Amino acid sequence: MPEAATTLVPAPGLRRIGGLSRPAFVLLVLGALTLISIVCFMVLGAKGSWSFVIPFRGRKLLALCLVAYSVAISTVLFQTVTNNRILTPSIMGFDALYVLLTTATVFFLGVGALTGIDPQLRFGIEIVAMVVFSGLLFRWLFLGEERNLTLLVLVGIVFGILFRSLSQFMQRMLDPNAFQVLQDSFFASFATVDTTLLFIASGVVVLVSLVAMRLAHTFDVLALGRSHAINLGIDYRRTVVIILMLVSVLVAVSTALVGPITFFGLLVATLAHSLVGNSRHCYVLPAAALLAITCLVGGQTILERIFAFDTALSIIIEFLGGIVFIILVLRRAAR
Amino acid sequence: MRMLSLAIAVTIALAIVSLFIGVSNISLLGLLSASPEERPMQVLLISRIPRTLAIILSGSAMAVAGLVMQMIVRNRFVEPSTAGTTESASLGFLVATLVVPGWPLMGKMLIAAGFALAGTALFLRILRAVPLRDVMLVPLVGIMLGGIVGAVASFIAYRFELLPSLLAWNMGDFSGILRGRYELLWIGFGCAVLAYIAADRFTVAGMGRDFTTNLGLNYQRVMVLGLVIVSLVSATVLVTAGSIPFLGLIIPNLVSLMVGDNMRRTVPWVVVMGAGFVLACDVLGRIIRFPYEIPISVVVGVIGSAVFLYLLLRTRRHA
């Protein structure tokens with residue numbers, strides 16, 4: 001499937017804007033936007049003493065940034081590895097898998113697991129389980145023969161539905177209290193981010209980023225497709241498996257913090273690719289991350305402070321993302 | 001024919017089992033000895049029989065709706081929940097609840113059916129806009145369209161603080177069915193009968209537009225009839241029980257594996273298997289965590305998505 005690979009533009013700096021190459025210009029603008037939205041998030045509508053407001057909003061801001069970063073990086077890397085621009089981890093049911101694993105923990109270990117065990121430890125266990133299960137699933141889906149992309153997407157979506165139904169099933173088997181606790185944590189909401197896991201989540205994200213950085217030189221090559229990558233001397237199997245593991249850890253982080261959001265990754269990755277104009281990861285990855293932070297922090301600020309809709313952002317993202325997805329799929333089919 | 005009678009017998013047995021499961025204990029002996037005014041008889045008449053009827057009616061109607069849809073779209077993987085129909089119906093019901101709260105359920109159901117019709121027509125319009133070489137693309141676009149319509153519905157529901165009701169409609173559940181609350185389903189069942197009467201037309205339409213026209217049938221009219229049937233069924237089931245995912249997908253596919261694609265022959269099978277499947281799932285949902293219940297949409301969702309996955313991956317091996 002060479003279609004995603006063909007966009008390696010030979011000279012990304014051809015179109016210069018104000019003395020900068022286009023990607024650099026885009027990054028600069030996005031950086032500025034990110035800064036503006038962060039400042040607005042922290043300052044707008046703040047009443048009361050700063051010594052309360054700053055740590056309170058700061059924790060929320062950090063959580064949102066972690067989510068945005070995880071979603072953006074995991075989506076771009078996932079698209080690189082699977083060599084397409086339509087699939088994303090959440091479309092493939094990754095976050096539903098995380099929800100299922102969390103539910104299963106409570107189901108099999110009792111509600112004590114939810115309240116008794118240290119949440120950080122529980123999160124660690126869940127991440128390990130997530131890596132193992134998604135590893136198995138994606139080994140089976142991606143490392144076999146080359147498969148039809150549409151079938152993969154559909155299978156992923158149906159897996160997502162299966163995971164969701166199974167978790168609902170288990171949730172119904174729990175006693176009503178545990179059910180309530182779980183139910184609340186799985187409704188995607190950016191207004192009520194879970195901040196108990198901030199510390200471990202930041203640690204995990206930093207760790208993942210370090211590993212990803214060591215692999216950074218392979219990203220552009222992997223984007224050329226399996227056979228080219230192997231030809232150019234990449235240990236394909238090993239690299240892909242490691243990257244998919246990193247992706248599942250990042251998905252676990254974002255789902256644990258805000259709950260499942262299907263289309264956010266697709267939205268930012270698609271936008272980042274089209275804004276940057278080429279597929280070099282040294283531009284696309286930061287662009288996607290900055291875009292994601294701008295969308296989440298800025299969007300949340302606008303909705304919360306200006307329109308007073310606090311939980312609507314996830315709904316709006318699903319709406320826009322769904323439209324982008326249909327357009328992408330249809331454009332691909334029309335070709 | 002013998003196989004079909006066997007299937008009917010199993011379904012009837014399941015229906016009888018369904019009548020006697022519940023918190024309030026009813027035994028045959030108790031029923032016979034008690035007078036009609038006493039408790040067991042009342043429970044049976046007001047709660048159990050309506051519930052069982054509702055399950056049979058909605059199960060068979062949804063399965064037939066799926067079959068009709070697969071015929072007119074000419075794709076094995078569509079059904080109301082993979083074509084945006086269910087979500088459009090629930091958007092319509094939401095709008096009806098907000099705009100005309102005083103209307104009887106029948107009126108709201110018709111509005112929901114109108115939205116379902118529009119949503120499905122939009123789906124068909126999108127499909128016509130692109131040449132689809134890929135069978136899998138059709139349900140994919142449908143599921144996504146459903147997601148978009150669903151997001152619009154949740155936004156409206158969020159604004160007017162109706163999110164819990166929306167969640168309740170999307171979660172199919174027969175536990176709230178009582179006498180007087182399920183009769184709309186007869187309309188859905190009537191649609192299934194209509195589909196049986198028009199079965200040959202749908203079979204022909206399933207062969208394609210040119211073929212249909214060649215045989216002297218008005219293709220457009222068959223399509224519209226099919227769309228109306230599907231929308232009415234989805235809307236009636238949605239407003240009485242809530243949505244039941246994948247039912248219309250797996251039953252017709254299983255039947256087609258067993259008896260082929262002539263709709264005149266498959267409709268009775270689809271009706272019986274649809275009713276039997278939902279009965280079995282409902283009985284399962286009621287006994288697995290007795291005395292609590294697991295909603296039907298959860299049970300069907302688990303089984304249905306697993307069967308759907310099997311169907312998808314099976315096609316690949318054959319293709």
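# Helix packing and burial in a predicted model

User: Which residues of H8(B) and H11(B) meet in this predicted model?

Analyst: From H8(B), Leu185(B), Ile187(B), Gly188(B), Cys191(B), Leu194(B) and Ala195(B) meet Leu225(B), Ile229(B), Leu232(B), Val233(B), Thr236(B), Val237(B) and Thr240(B) of H11(B). The residues of this contact comprise 10 nonpolar, three polar and no charged. The model is predicted.

User: Why are H8(B) and H11(B) called roughly antiparallel to each other?

Analyst: The axes of H8(B), residues 185-197, and H11(B), residues 219-240, cross at roughly 155 degrees and come within 8 Å. Angles over 145 degrees count as roughly antiparallel, and H8(B) and H11(B) are therefore roughly antiparallel to each other. Their crossing is left-handed.

User: What makes H12(B) and H13(B) oblique to each other?

Analyst: H12(B) covers residues 247-259 and H13(B) residues 263-287, and the two pack at an angle of about 130 degrees. An angle of about 130 degrees falls in the rest, so H12(B) and H13(B) are oblique to each other. The axes are 9 Å apart, and H12(B) passes H13(B) in a right-handed crossing.

User: Which residues make up the contact of H12(B) with H13(B)?

Analyst: On the H12(B) side they include Leu247(B), Ile250(B), Ile251(B) and Pro252(B). On the H13(B) side they include Arg265(B), Thr266(B), Trp269(B) and Phe277(B). The residues of the contact divide into 13 nonpolar, two polar and one charged.

User: What makes H12(B) mostly covered?

Analyst: A residue is buried at under 20% relative accessible area, and 10 of the 13 residues of H12(B) are buried. Among them are Leu247(B), Gly248(B), Asn253(B), Ser256(B) and Val259(B). Just after H12(B), Gly260(B) has a positive phi of about 95 degrees.

User: Why does Thr85(B) count as buried?

Analyst: Thr85(B) has 0% relative accessibility, and the cut-off is under 20%, so Thr85(B) counts as buried. Thr85(B) lies in H4(B), residues 85-99. Leaving out residues up to four places away in sequence, Thr85(B) touches Met69(B), Pro80(B), Ala116(B), Thr120(B), Val230(B) and Ser234(B).

User: How do you know that the span of H11(A) agrees with 1.5 Å a residue?

Analyst: The expected span is 1.5 Å times one less than the number of residues. For the 13 residues of H11(A), 264-276, that gives 18 Å, and the end C-alpha atoms are 18 Å apart, so the two agree. The buried residues of H11(A) include Phe264(A), Leu267(A), Ala272(A) and His273(A). H11(A) is followed by Gly277(A), with a positive phi near 85 degrees.

User: What makes H1(A) oblique to H11(A)?

Analyst: H1(A), residues 22-43, and H11(A) pack at an angle of about 130 degrees, with their axes 9 Å apart. That angle makes H1(A) oblique to H11(A). Arg22(A), Pro23(A) and Val26(A) of H1(A) make the contact with Ser274(A), Leu275(A) and Val276(A) of H11(A). Its residues divide into four nonpolar, one polar and one charged.

User: How many helices and strands does chain A have?

Analyst: Chain A has 13 helices and two strands. Of its 335 residues, 54% count as buried.

Terms used
Residues numbered from 1 in each chain as written. Chains lettered and ligands numbered in written order. Predicted model: local features only at pLDDT ≥ 70, side-chain atom pairs only at ≥ 80, totals over all residues. Heavy atoms only, no water. Axes fitted to C-alpha atoms, helices over the stretch in contact; angles between N-to-C directions. Helix = DSSP H or I, 4+ residues; strand = E, 2+ residues; numbered from the N terminus. Parallel < 35°, antiparallel > 145°, perpendicular 65-115°, else oblique. Left-handed = near helix turned anticlockwise from the far one by under 90°. Contact = heavy atoms within 4.5 Å. Nonpolar A, V, L, I, M, F, W, Y, C, P; charged D, E, K, R; others polar. Buried < 20%, exposed > 50% of the residue type's maximum accessible area, 1.4 Å probe, protein only.
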